[in-house]
Amino acid sequence: MPTYRAPITDYRFLLTELFDTSRLSAYAGYEEVTPDLLASVAEEAGKLCEDLLFPLNMSGDAEGCTWENGVVRTPKGFKEAYKAYAGGGWIGLAGDPAYGGQGLPALLRYVVDEMVCGSNLSLAMYPGLTQGAFETIHLHGSEELKTKYMPKLASGEWTATMCLTEAHAGTDLGMIRTRAEPMDDGSASVSGTKIFITAGEHDLTDNIIHLVLAKLPDAPAGSRGISMFLVPKFLVNPDGSLGTRNGVTCGSIEHKMGIKGSATCVINFDNAKGWLVGEAHKGLRAMFTMMNGARLGVGLQGLGLADASYHSAVAYARDRVQGRSLSGVKNPDGPADQIIHHADIRRGLLFMRAFTEGARALSVFCGLHIDDEFRAPDAPTREAAADLVALLTPVIKAFFTDLAFESTNIGLQTLGGHGYIREYGMEQFVRDARIGQIYEGTNHIQALDLVGRKLPEGGGRLLKRYAALVAEELAASGQVPQLSAFATTVGGAAKQLQDATMLIMQRGMANGDEAGGAASEYLRLFGYVALGHMWLRTCRVALEKKASGGSLDASFYDTKLATARFYFERMMPMTHSLFASISAGSGAILDFPKEQF
Ligand SMILES: Cc1cc2nc3c(=O)[nH]c(=O)nc-3n(C[C@H](O)[C@H](O)[C@H](O)COP(=O)(O)OP(=O)(O)OC[C@H]3O[C@@H](n4cnc5c(N)ncnc54)[C@H](O)[C@@H]3O)c2cc1C
């Protein structure tokens, strides 16, 4: 059986030592927030994940959701767990208190997300999109929509969806056919069919609020003609009680590879009553508020699953005895040595650990900048933070989910044949992790976003700002004798990233496909540099805390340094092959005759 251990010690380190979270208390609304408070909330969330959510992870997968005559039932125990989760105030954690939220930093939402998704991704999908819908209505909705819907979303009394995809329009949303006819009373009549809608129908709450992309009759063609509508499953009376059923039905649910406890629905809208969110024809822009948060959230899903797989793999590797260590017997009293003594098992476990801990640091770093983006009193800080978050969002989504899939696969491999058997739980982590590379924009679409939009923006402003942050860390770590070799490694990889950027920009201007052919490798190169940046900072702070007496055991800091060594010596060299591949250009891809595939 797999085990789940919430990474609360690591979060204590990240929230109270690695990053200066004390700056948050200077922001309006966060006066009471201290690093210790953040770590305590993380600890509480961790307990909930261990005790309430993880015990339903395997049973939810085995049972899955069912659909009968439009009614969807979630697996046993999900309803009670959801109520407890919502009742604990976790859904509205970072929401505006004016609309029922708790007003805690956005950073905490991502901390909690990692653990909730790692312990039970299927269950996490129901409240997951609700938080995004809350923020989207908050930023783009009318005051009437805000007061009517947001408090119920914050409390978890209702959940929400994002309805973009149609059978013929996935990545290319400009092709959607769902229509919205304006009505005399200011509402719109929405008709069309959406597919793959997460939590589109379920039995956890009495109402479901759909945020739907549709086209008005006068819409310009393509993605410039998309508007967003709020369409409730049940209409809501002026006093907030539920009224009649709206024209929204669930046509079926998908039978899929993973996240089987999450209902993925076909949703039919038949003259359903909806209300415009934001401006007409600007729906895609509004939806990006939801999608950007969701993209970070998907990155954290990958991180959480990789972490869950790591702990289960370690427990098995400590216990399982097979063969003798190549360097001599390690378990003389037993018939064989524990497999954790084999170099290749250790290599796999260290890959998982170095990825998850580096990625966790990067997610907290990004989360902190989200609070800077929305709360810092001065515009330059807000703008710099917004640039950083925009640049890192596709990297976190795609790099985390790609490496999470690799990590969960390594976790499965650690158990050998037992990893392939359901009752050990490791194959579920692999199946559940796979979707992260696909939804919220496939990972290649993230790479195109990075290369095609984020790099050119403001004449390369985003990357310049990020490079300055890396250079700052290189300068600080370069002063520490124990870290000079690691700093040289990160400096070399950062230079490769700069050179790769120039190559892609130059070649891409002559032929867009050159950039398209290199984009996924470029994003991965970026990911390795970003984690290298985090590991360098981690080493510097770990050394400082060890010397000055930090709040954690000396062994915690030593383990960080040992994990960082693996990252720099055995993972970071990937940047060389990625750089060589990018440098070779896309000719071999583009010149291959289509008929020969
Ligand atoms: C379990 C699950 C849950 C989901 N939840 C939701 C949800 O809640 N709401 C919602 O609206 N949608 C949801 N989706 C849909 C999901 O976001 C889409 O599947 C995804 O965006 C890809 O669209 P598609 O499947 O149509 O693939 P396509 O767009 O057909 O893409 C096929 C392949 O072509 C590539 N490709 C496409 N366009 C380009 C291009 N211009 N350049 C290079 N390569 C390209 C893609 O990367 C992909 O590999 C969900 C899907 C699943 C499976």
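Predicted model: local features only at pLDDT ≥ 70, side-chain atom pairs only at ≥ 80, totals over all residues.

Residues are numbered from 1 along each chain as its sequence is written.

The chain contains 18 helices and 11 strands, where helices (H or I, at least four residues) and strands (E, at least two) are DSSP runs numbered from the N terminus. Its radius of gyration is 24 Å, close to the 25 Å that the globule rule gives for 597 residues, so the chain is as compact as a globular protein of that length; the radius is taken over C-alpha atoms, and the rule is 2.2 Å times the number of residues to the power 0.38. Along the principal axes, the C-alpha atoms fill a box of roughly 80 × 60 × 60 Å.

Around the ligand there are 19 residues, of which Leu-164, Gly-170, Thr-171, Thr-198 and Thr-442 come nearest, a residue being near if its C-beta atom, placed from the backbone, lies within 6 Å. Strand 3 (158-163), strand 5 (188-198) and helix 12 (443-454) each give two or more residues to this shell. By class, the shell has nine nonpolar, nine polar and one charged residue; Ala, Val, Leu, Ile, Met, Phe, Trp, Tyr, Cys and Pro count as nonpolar, Asp, Glu, Lys and Arg as charged, and the others, Gly among them, as polar.

The table gives the geometry of the helix pairs, with axes fitted to C-alpha atoms over the stretch in contact and angles running from 0 to 180 degrees between N-to-C directions.

| Helix pair | Axis distance | Crossing angle |
|---|---|---|
| Helix 14 (484-510) and helix 17 (574-583) | within 10 Å | roughly 15° |
| Helix 12 and helix 15 (512-548) | 8 Å | about 90° |
| Helix 10 (379-414) and helix 13 (461-478) | within 9 Å | roughly 100° |

Helix 12 is therefore roughly perpendicular (65 to 115 degrees) to helix 15, and their contact has nine nonpolar, six polar and no charged residues. Helix 10 and helix 13 are likewise roughly perpendicular to each other. Their contact involves Ala-384, Asp-387, Leu-388, Ala-390 and Leu-391 of helix 10 with Arg-461, Leu-462, Leu-463, Arg-465 and Tyr-466 of helix 13, contact meaning C-beta atoms, placed from the backbone, within 7 Å. This set comprises seven nonpolar, no polar and three charged residues.

Terms used: Parallel < 35°, antiparallel > 145°, perpendicular 65-115°, else oblique. Contact = placed C-beta atoms within 7 Å.
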